[in-house]
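Me: Can you walk me through reading a protein model, one feature at a time?

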Amino acid sequence: MICPFCRHDDSRVVDSRPAEDGAQIRRRRECTECGARFTTQETTLLNIVKRSGASEPFSREKVIAGVTKACQGRPVNDDDLALLAMRVEETLRATGQAEIEAQEVGLAILAPLRELDEVAYLRFASVYRSFSSLEDFEGEIALLRAAPSTPASKNSPEKSTTAVTSSAK
Ligand SMILES: [Zn+2]
């Protein structure tokens, strides 16, 4: 491990302890050249297995790239997207698996995206779940209406599941 202070290429471990419920190991290191101490963190590499069988390391950037199109023109900013990608990673890491199918990444995106923006969610879900008819959209919208996702959603004032009965005029 290269020393981040003097760039010397050797350091020794002076302490090592588990963190995040054992999902990480943190190591305290000391540079053998300048004596500076720094901490490194070791986590399991999270690999995404594509349908072709090829795998690649999980990347938050790819998650963001994957939802960006669905979020076009919506009140969603870069911080929202970064947070979403972080939540997706947490969800996937919480499975404790080292390899995750690409399909599951899409699934993990759905819930936080829905909380973020329901229109973006519908767009993403329509592609991800291959909606092929108006009925597919209607079904999904009915689900959204029946179970509003967040208590503090920005752009859906009607929260009541019984709103249908009183919305005639
Ligand atoms: Zn050093």
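**Burial, fold and metal site**

Reply: Let's start with burial: of the 169 residues in the protein chain, 30% are buried, meaning under 20% relative accessible area with a 1.4 Å probe, protein chains only. This is a predicted model, where local features need pLDDT of at least 70, side-chain atom pairs count only at pLDDT 80 or more, and totals for chains, interfaces and linings use all residues. Residues are numbered from 1 along each chain as its sequence is written, and side-chain values use heavy atoms, leaving out hydrogens and water.

Me: How many helices and strands are there in the protein chain?

Reply: Helices (H or I, at least four residues) and strands (E, at least two) are DSSP runs, numbered from the N terminus. Here you get five helices and six strands, in the order β-β-β-β-β-α-α-β-α-α-α along the sequence.

Me: Which protein donors does the zinc ion have?

Reply: Donors are N, O and S atoms within 2.8 Å of the metal (3.2 Å for Na, K and Ca), and sites may look incomplete because water is not among the atoms. For this zinc ion they're the SG atoms of C3, C6, C31 and C34, 2.3 to 2.4 Å away. Along the chain, their spacing reads C-x2-C-x24-C-x2-C. C3, in the segment before strand 1 (11-19), and C31, in strand 2 (residues 24-31), sit 28 residues apart, so the pair links distant parts of the chain. Both C3 and C31 are buried.

Me: What geometry does the site of the zinc ion have?

Reply: Ideal angles for four tetrahedral donors are 109.5 degrees. Four donors count as tetrahedral if all angles lie between 85 and 135 degrees. The zinc site has angles of 106 to 114° among its four donor atoms, and is tetrahedral.

Notes:
Four donors count as tetrahedral if all angles lie between 85 and 135 degrees; four count as square planar and six as octahedral if opposite donors are over 155 degrees apart and all others between 65 and 115; anything else is irregular. Buried means under 20% relative accessible area, exposed over 50%, partly exposed in between (1.4 Å probe, protein chains only).
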